[in-house]
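This briefing looks at how some parts of one protein chain are placed relative to each other. Please keep the sequence and the structure in view while reading.

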Amino acid sequence: MALKQGAEELAVSISMSAPMPDDVLEAVPNRLEASPQRPRRRWSAKAKSRLIEATLKPGANVSAIARQAGMAPARLFGWRRKAIKNGAVTPQRDADRLGFVEVTQAASLTVEICLGDVVIRAGADVGQDHLARIIRAVCQA
């Protein structure tokens, strides 16, 4: 049963599980009024591959690329992950990317830290917090 109210049509369902009085109707909307009624966006394979390739460049920000294309970053991350998993694309590696360096204990009791033109020499008795304050002060100067 449908009732017309202005330009909108409301879907009305009547439950037959329990006897209802003649003057009571249960109205159930056929869609949420808060959600916008727009068609799903379809992406061509060419558009997908162009966006995925843009994310694979060194230093690319996937979230910014997705926002610029007008889509959710999670969707673009998903496309990218699926393309890498399937072997359709391979991510480029940053040649000058920072990596981990193995630090071994120094043989001497002093440590030298070079920050630009400044050399900080600290003995083994200098605490970590104090050394951090010195480095911050040198960097701010």
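In this predicted model, the side chains of Arg 121 and Glu 112 meet in a salt bridge, with a distance of 3.0 Å from N to O. Side chains of opposite charge can pair when their charged atoms come close.

**Salt bridge**

**Cysteines**
- The count of disulfides comes to zero.
- Cys 114 has a relative accessibility of 56% and therefore counts as exposed, since exposed means over 50%.
- Cys 139 also counts as exposed, because its relative accessibility is 54%.

**Helix packing**
- Two packed helices are described by the angle between their axes and the distance between the axes.
- Helix α1, which covers residues 45-55, and helix α2, which covers residues 62-69, have axes that come within 9 Å and cross at roughly 150 degrees.
- Because angles over 145 degrees count as roughly antiparallel, α1 and α2 are described as roughly antiparallel to each other, and their crossing is right-handed.
- Where the two helices meet, α1 contributes Leu 51, Ala 54 and Thr 55, while α2 contributes Val 62, Ile 65 and Ala 69.

Terms used. Residues numbered from 1 in each chain as written. Predicted model: local features only at pLDDT ≥ 70, side-chain atom pairs only at ≥ 80, totals over all residues. Heavy atoms only, no water. Salt bridge = Lys/Arg side-chain N within 4 Å of Asp/Glu carboxyl O. Disulfide = S-S within 2.5 Å. Buried < 20%, exposed > 50% of the residue type's maximum accessible area, 1.4 Å probe, protein only. Axes fitted to C-alpha atoms, helices over the stretch in contact; angles between N-to-C directions. Helix = DSSP H or I, 4+ residues; strand = E, 2+ residues; numbered from the N terminus. Parallel < 35°, antiparallel > 145°, perpendicular 65-115°, else oblique. Left-handed = near helix turned anticlockwise from the far one by under 90°. Contact = heavy atoms within 4.5 Å.
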